[in-house]
Amino acid sequence: MRVADPLVPQLAGEFGVTAGAAGIVVTAFALAYGLCQLLWGGLGDRLGKFRLVALLTLASAATVGLAGLTASLGALAAARLAGGATAAGLIPLAMAFIGDHVPYAERQATIARFLTGQILGLVSGQVLGGIIGDALGWRAVFLVLGGLYLLVGLLLLLELRSGRLPAPQLAAGRTSLLTGVRALLRRPWARTVLLVVLLEGGLFFGAFAYIGAYLHERFGLSYTRVGVMLIGFGAGGMAFALLAGRLVAALGERGLALSGGALILAGFVAIALAPAAGFVTLALLLLGLGFYMLHNTLQVNATQMAPEARGLAVSAFASGFFLGQAAGAWAGGRLVDAIGYPPVFVTSGLGLAALAAYFVHRRERRQGAA
């Protein structure tokens, strides 16, 4: 997902374009990744989620590896578009598979452990992309990643044929994607979860996307140091993943969501008021911990909002999250230009704390009605 970010300057130089024009390789992947979530979710309910993850992983080996063989920026952007499309189903379908086969009481801790792979991927993607790109060139980045996809895809096929997997839970009958989405949106609780994750993505990343620029402008930090500092967010997320079992037992879903909202608020306020760059490192740890406490609670509820169409439901959840991110980054950029960084950070923190409280309120009302 993030491996092409550090390659943009190199691509701009090779193809003789501006960095903004070379950024199409990042935009193309993100666009396809966000738009194709629903497609794979519905198919996973019909064909089997593990089976489709294995097939999409092998398909990603081809689409990602192909990017390393392209000879023009347009062809590379097309390959990244295809790569985003084939990779889009992997995380939502894997989460839905967990939802199918892990009891609800154990699901939050299980999904948190699953998140360690996602967090490590996001953190290491930019780092490894830069290292391999500098040492071997940008084509090697995609060829190596394509080879890794191929290896994992073959391992998944071996597991699929081993007989160890539980029988897949397949959706009864065949309905169109539009019909499935309409049926999902008729459920009040599903609408609540989808609305909250849409707003969460917008509020959080509308501010988080500009922390790097703020650190560069406010404290004069190099982009390299900014990149290293931002790893603190991933470290906070990893801390949650490692402590999830204890946190779930101690706080429950209600406590996790409310505490997550409070930590996000504290993190954003600390960044806005930080007198020195060193304070921001601790604030980023708080942000990572708080974000994953809240987001993981939403993820667990997403796996249960439509059990008979879990692949579609979790994919709709993921799609809403990415659409929220895109809208938030766009709006956040305009607000930063209009009112500055600190007000945007504080507003996002307050909004997310209120959103966490709203989600808990709606959850408790639903449980009371049941």
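Me: Leaving aside its neighbours within four places in sequence, which residues is H295 in contact with?

Reply: Contact means heavy atoms within 4.5 Å. By that test, H295 touches V197, E200, F317 and F321. A word on the source: this is a predicted model, where local features need pLDDT of at least 70, side-chain atom pairs count only at pLDDT 80 or more, and totals for chains, interfaces and linings use all residues. Residues are numbered from 1 along each chain as its sequence is written, and side-chain values use heavy atoms, with hydrogens and water left out.

Me: Which helix holds H295?

Reply: Helices are DSSP runs of H or I with at least four residues, and strands are runs of E with at least two; both are numbered from the N terminus. H295 sits in helix α14, which covers residues 277-302. N296 is in helix α14. L298 is in helix α14 as well.

Me: How many helices and strands does the chain have?

Reply: The chain has 16 helices and zero strands. Its radius of gyration is 20 Å, close to the 21 Å from the globule rule for 370 residues, so the chain is as compact as a globular protein of that length. The radius is taken over C-alpha atoms, and the rule is 2.2 Å times the number of residues to the power 0.38. Along the principal axes, the C-alpha atoms fill a box of roughly 55 × 45 × 35 Å.

Me: Is H295 buried or exposed?

Reply: Buried means under 20% relative accessible area, exposed means over 50%, and partly exposed lies in between (1.4 Å probe, protein chains only). H295 has 5% relative accessibility, so it counts as buried. N296 is buried at 0%. L298 is buried too, at 0%. Over the chain, 49% of the 370 residues count as buried.

Me: What polar contact does the side chain of N296 make?

Reply: A polar contact is a pair of N or O atoms within 3.5 Å. Within protein, one atom must be able to donate a hydrogen and the other to accept it; residues adjacent in sequence count only if both atoms are side-chain atoms. The side chain of N296 pairs with the side chain of Q108 at 3.0 Å. N296 is also in contact with residues including I111, A112, L115 and F240. For H295, a polar contact of 2.8 Å links its side chain to that of E200.

Me: What does L298 touch, leaving aside its neighbours within four places in sequence?

Reply: Look for partners from elsewhere in the sequence. L298 is in contact with V193, V196, V197, E200, F317 and F359. Take V193: it is 105 residues from L298 in sequence, yet their C-alpha atoms are 6.9 Å apart. Across the chain, consider contacts with a separation of 6 or more: residues 24 or more positions apart account for 83% of them.

Me: Where is L58, and what does it touch?

Reply: L58 is in helix α5, residues 49-67. At 23% relative accessibility, it counts as partly exposed. Beyond four places in sequence, L58 touches L150, G153, L154 and L157. Now try a pair across the model: L58 and A272 are 214 residues apart in sequence and 44 Å apart in space, C-alpha to C-alpha.

Me: Is D134 buried or exposed?

Reply: D134 is exposed, with a relative accessible area of 69%. It belongs to helix α8, residues 104-136. Its C-alpha atom is 27 Å from that of F208, which is 74 residues away along the chain.

Me: How many positive and negative side chains are there?

Reply: Lys and Arg count as positive, Asp and Glu as negative; His and the chain ends are not counted. The chain has 25 positive and 13 negative side chains. The centres of the two sets lie 7 Å apart.

Methods
Charge placed at Lys NZ, Arg CZ, Asp CG, Glu CD.
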